[in-house]
Amino acid sequence: RPGDKVTIEVFTSAGEKVDVVAGERILDRNGDVYLPFVGTIHAAGLDQNALRAVLVAGYGGFYAEPVVNVKVELRVNVTGAVPHPGQFYLDPSATLIDALAAAGGANPEYAITGNMMPGNPRRVQLVREGVRQTLNFHPADINEETLRNRIRSGDWIHVPPETKTAVRDQVLFWGSLLSLTSSVVSLVILIGRG
């Protein structure tokens, strides 16, 4: 799909690498990729083997029996309460768990920014081709179907922050206040002895 990454290597039948062709390319918004000598190729919808066949035919006009290596990586976005949110390029065999792992995981104890809000792995949102679904990635609750769910190009995975509760806020507030009070009392006692 547009936005996916294709890595290409072309070798002559003598084993020489054709450096001008080698490298990574991102499919444009039309699903096309431009390659030296063969021009623009519509790669959207092709898997690695089909794209390899197209490239072997294209480069066959320039090199006798070319050897073409193709690696396709799908674009996935992971956002929310994860250590490293962002856009990732993953192998088509990767699962949603692999995508979360690439972003650092949906750790229920991870704190985003300074507000100490952990992520909620039980309410992870997957937006796939405009359809949103909620998945449970908590290790104690995850099911086999979720474990095996492979990524698709353009998936958006969002780990929401754990919702705050009034009780939790009160515990954090009073715990902080008690800690501050004990620190002040200790400091006064220390100063008084000096």
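Hi everyone. Residues are numbered from 1 along each chain as its sequence is written, and side-chain values use heavy atoms, with hydrogens and water left out. Since we have a predicted model, local features need pLDDT of at least 70 and side-chain atom pairs count only at pLDDT 80 or more, while totals for chains, interfaces and linings use all residues.

Let's start with salt bridges. A salt bridge here is a side-chain nitrogen of Lys or Arg within 4 Å of a carboxyl oxygen of Asp or Glu. By this rule the count is eight.

One of them pairs Lys-5 with Glu-24, with the closest N and O atoms 3.8 Å apart. The two residues are 19 apart in the chain, Lys-5 in strand E1 (residues 5-11) and Glu-24 in strand E2 (residues 23-26). Strands are DSSP runs of E, at least two residues, and helices are runs of H or I, at least four, numbered from the N terminus.

Is Lys-5 buried or exposed? Lys-5 is buried, because its relative accessible area is 14%, whereas Glu-24 is exposed at 55%. Buried means under 20% relative accessible area, exposed over 50%, and partly exposed in between, with a 1.4 Å probe and protein chains only.

Another salt bridge joins Glu-73 and Lys-71 at 3.9 Å, N to O. Glu-73 is buried at 12%, and Lys-71 is partly exposed at 41%. Through shared partners, Lys-5, Glu-24, Lys-71 and Glu-73 are joined into one network of salt bridges.

Next, Phe-37. You will find Phe-37 in the loop between strand E3 (32-35) and strand E4 (39-42). Phe-37 counts as partly exposed because its relative accessible area is 44%.

Finally, the largest pocket. Rolling a probe the size of a water molecule over the atoms shows where empty space is left. On a 1 Å grid over the protein atoms alone, where a 1.4 Å probe fits, a pocket is an open set of points with protein on both sides within 12 Å along at least five of seven lines; lining residues have an atom within 4 Å of a point.

How many residues line the largest pocket? There are 17, and Arg-1, Asp-4, Leu-46, Val-72 and Leu-74 lie nearest its centre. Helix H1 (48-59) and strand E5 (67-80) each supply at least two residues of that lining.
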